[in-house]
Amino acid sequence: MTSSTHLAVIGGGPGGYAAAFLAADLGMQVTLIDEAPDPGGVCLYRGCMPSKALLHVAKVLTEAREARAWGVDFAEPALDLDRLRGWKEGVVGRLTGGLGQLSTQRGVTYLRGRAELLGPTSVRVTPPPVGADGAGGFAGAGAGGAG
Ligand SMILES: Cc1cc2nc3c(=O)[nH]c(=O)nc-3n(C[C@H](O)[C@H](O)[C@H](O)COP(=O)(O)OP(=O)(O)OC[C@H]3O[C@@H](n4cnc5c(N)ncnc54)[C@H](O)[C@@H]3O)c2cc1C
């Protein structure tokens with residue numbers, strides 16, 4: 001499938017989605033391309049947000065241990081890593097899903113796949129394998145810049 005757009009933004013991280021949202025707000029037809037299910041990039045999927053969620057848990061554990069010195073005793077915590085990961089994934093999902101909704105509200109076309117520049121005004125987007133992170137149904141797409 002071939003389609004055209006005023007602006008193709010490669011990468012859905014904080015740099016990419018901010019640029020795409022601004023361009024859409026200024027009236028451009030924008031296509032945002034990333035392999036992830038929603039915008040977010042390293043910051044939301046693997047960096048800032050997941051690390052802060054896990055750091056918060058570490059802080060709670062540390063404070064519970066230190067509270068002994070203040071005369072408050074907690075039982076030794078039991079860590080359920082699967083539930084902890086599930087909660088962290090939930091935080092990431094809510095934030096990235098919210099960005100997906102903001103893209104839709106602005107009329108930004110979100111293409112899921114790996115972009116490759118074919119020339120100054122054309123990009124090929126190779127979708128992720130079917131089934132990767134729920135990527136099924138993404139049959140294929142291409143974005144040709146309007147120049
Ligand atoms: C553990 C960790 C903790 C961090 N904590 C903080 C923090 O607390 N505060 C803070 O300000 N910063 C933090 N950062 C840094 C922050 O993540 C980066 O500054 C930010 O993600 C950069 O945004 P970006 O849009 O430039 O790039 P990225 O977030 O890296 O986004 C680039 C996106 O482009 C995609 N992409 C690349 N090439 C292609 C292609 N050819 N086709 C399609 N998609 C492509 C990538 O898959 C990625 O999704 C942290 C980073 C890490 C690793």
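Two residues are taken to be in contact if their C-beta atoms, placed from the backbone, lie within 7 Å. The structure described here is a predicted model, in which local features need pLDDT of at least 70, side-chain atom pairs count only at pLDDT 80 or more, and totals for chains, interfaces and linings use all residues. Residues are numbered from 1 along each chain as its sequence is written.

The protein contains 4 helices and 7 strands, where helices (H or I, at least four residues) and strands (E, at least two) are DSSP runs numbered from the N terminus. Along the sequence, these elements follow the pattern β-β-α-β-α-α-α-β-β-β-β. Of the 147 residues in the protein, 22% are buried; a residue is buried if 20 or more other C-beta atoms lie within 10 Å of its own, exposed if 12 or fewer, and partly exposed in between. Among contacts with a separation of 6 or more, 61% are accounted for by residues 24 or more positions apart.

Two packed helices are described by the angle between their axes and the distance between the axes. Axes are lines fitted to C-alpha atoms, for helices over the stretch in contact, and angles run from 0 to 180 degrees between N-to-C directions. Helix 3 (residues 48–66) packs against helix 4 (residues 81–106) at an angle of about 140 degrees, the axes being 9 Å apart. The two helices, helix 3 and helix 4, are therefore oblique to each other; angles under 35 degrees count as roughly parallel, over 145 as roughly antiparallel, 65 to 115 as roughly perpendicular and the rest as oblique. In this contact, Met49, Pro50, Ala53, Leu54 and Val57 of helix 3 meet Leu84, Lys88, Val91, Val92 and Leu95 of helix 4. The residues of the contact of helix 3 with helix 4 comprise 9 nonpolar, no polar and 1 charged, with Ala, Val, Leu, Ile, Met, Phe, Trp, Tyr, Cys and Pro counted as nonpolar, Asp, Glu, Lys and Arg as charged, and the others, Gly among them, as polar.

Lys88 lies in helix 4. Apart from neighbours within four places in sequence, Lys88 is in contact with Pro50, Ala53 and Leu54. Because Lys88 has 18 C-beta neighbours inside 10 Å, this residue counts as partly exposed. The C-alpha atoms of Lys88 and Ser51 are separated by 9.0 Å, although the two residues are 37 residues apart along the chain.

Helix 4 also packs with helix 1: their axes come within 10 Å and cross at roughly 25 degrees. Helix 1 is thus roughly parallel to helix 4. Tyr17, Phe21, Ala24 and Asp25 of helix 1 and Leu99, Leu102 and Arg106 of helix 4 form the contact, which has 5 nonpolar, no polar and 2 charged residues.

The shell around the ligand divides into 8 nonpolar, 8 polar and 3 charged residues. At least two residues of this shell are supplied by each of helix 1 (14–25), strand 3 (30–34), helix 2 (41–45), helix 3 and strand 5 (114–119).
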